[in-house]
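Hello,

Here is the structure we spoke about, followed by notes on what was found in it. Please keep it open while you read.

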Amino acid sequence: MSKSGLPARDARVCWHPWTQHFGQTPPVPVIRGEGAWLVGPGNQRYLDAISSWWVTVHGHAHPAIAAAIGAQAALLDQVIFAGCTHEPAVGLAEELLARLPSGLARIFYSDDGSTAVEVALKMALQFHRNRGSPRSVMLALEDAYHGDTFGAMSVSARGVFTAAFQDQLFAVERLPAPGDPGLLPALDRMLDHRGSEIAAIIVEPLVQGAAGMRMWDAATLRALAGKVRSEGVLLIADEVMTGFGRTGPLFACEHADVSPDLICLSKGLTGGSLPLGVTAATEEVFEAFLGADRRTALFHGHSYTANPIACAAARASLALFDERSADQRRTLEAVHRDEMSRLARYPRVVAPRVLGTIAAFDLADSETGYLSSAARGLTAFGLERGVLLRPLGSVVYVMPPYCTRPEELRQVYAVLGEFLETR
């Protein structure tokens, strides 16, 4: 197959996510993955510096995960999870709960991060209604991103991602973004005036990903959690991106010793191999849906809820989070910090930051945000040098698979340094 053949065929039939196809450069053809690398026609290799949209935590085509998928596919591929059960789903739930923050007791399966958030929002609203004290207000933070379905968009920041659907989104009370010193005082005022109306608050613990890898501190998260708990407001932790070791520990909430009422997981859940979402809830939340009246049940589900193959992949991925994985993550963080200190000398590099396996910086420009042209050309520049990068507007970030070797990660920074020197 020629290098131009697949992109040409793609251009005739495919519609890509988050892509303005007018004038878009052809997509990169990829044939296979090997650890931290993607391989295209002619054995062209690209170091996956963004973990293929933040999902590929252990590396591509990991043999343990591939073997688990193959074995499960030959045994049981799919079965309805309403009225049936199976070992991969039950086993994964048991293993996840043993490693999640304490207090979480029930696992609800869905398809991806957006649906995991949708489930959490519905659980939170119905929890209060089922207990006879309906609360209709949701709290969210400025600059938040929680997904592309309608509930998830509603609790996300208003902007370019949601503008076309503005009139269809439900109202949300918005607090200042993390890092703004006004956040906690604003929360106090909100709780004083409307605490009995607020069902839940949803946050991305310690890193707001799509907002540009905006990092915030554990003390603020800890204080926020304490304040909302005192008013009976449920805390939803959206760890779709931050979960499974991205910030260092397995879950970002661990930095603050916070146990949320609901936690949303996806992306790294299956090691990046298959779609799967999880919403984990406390027993208190679960018990609010029990009763002789069937109308108190959670009426939500998906055709592929708890798909056995995806659950098997997730169990194999979870088993890989051992001390070796922790060492890999610590090594990546050390390299990030070393290399970021070097990049910080460039005048265009603003606010260099590192947390766990995530490193980012802003590019100085008169225009900021997702539509900024500050980093235009970086993706093509990187691909020409064998590195896959995808900046968030004016924000450049590096988030590699954990199997990435130090010398490979330094290669990414060499490309970034060259870009800063020449552009």
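The second largest pocket of this predicted model is lined by 27 residues. Those nearest its centre are Phe81, Ile107, Phe108, Tyr109 and Phe286. By class, the lining has 19 nonpolar residues, six polar and two charged. The volume of the second largest pocket is about 780 Å³.

Next, a pair of helices. Two packed helices are described by the angle between their axes and the distance between the axes. For helix α7 (residues 183-194) and helix α8 (residues 218-229), the angle is about 5° and the axes are 11 Å apart. Angles under 35 degrees count as roughly parallel, so α7 and α8 are roughly parallel to each other. On the α7 side, the residues in the contact are Leu183, Leu184, Leu187, Asp188 and Leu191. They meet Thr220, Ala223, Leu224, Lys227 and Val228 in α8. This contact of α7 with α8 has seven nonpolar residues, one polar and two charged.

Last, the salt bridges. Side chains of opposite charge can pair when their charged atoms come close. The count for this model comes to 24 salt bridges. Where do aspartate 338 and arginine 342 lie? Both are in helix α11 (residues 323-343), four residues apart, which is about one turn of the helix.

Regards

Methods. Residues are numbered from 1 along each chain as its sequence is written. This is a predicted model: local features need pLDDT of at least 70, side-chain atom pairs count only at pLDDT 80 or more; totals for chains, interfaces and linings use all residues. Side-chain values use heavy atoms; hydrogens and water are left out. On a 1 Å grid over the protein atoms alone, a cavity is a set of points where a 1.4 Å probe fits but cannot get out, and a pocket is an open set with protein on both sides within 12 Å along at least five of seven lines; lining residues have an atom within 4 Å of a point. Grid points are joined across faces, edges and corners, and a volume is the space filled by probe spheres set on the points. Ala, Val, Leu, Ile, Met, Phe, Trp, Tyr, Cys and Pro count as nonpolar, Asp, Glu, Lys and Arg as charged, and the others, Gly among them, as polar. Axes are lines fitted to C-alpha atoms, for helices over the stretch in contact, and angles run from 0 to 180 degrees between N-to-C directions. Helices (H or I, at least four residues) and strands (E, at least two) are DSSP runs, numbered from the N terminus. Angles under 35 degrees count as roughly parallel, over 145 as roughly antiparallel, 65 to 115 as roughly perpendicular and the rest as oblique. Contact means heavy atoms within 4.5 Å. A salt bridge is a side-chain nitrogen of Lys or Arg within 4 Å of a carboxyl oxygen of Asp or Glu.
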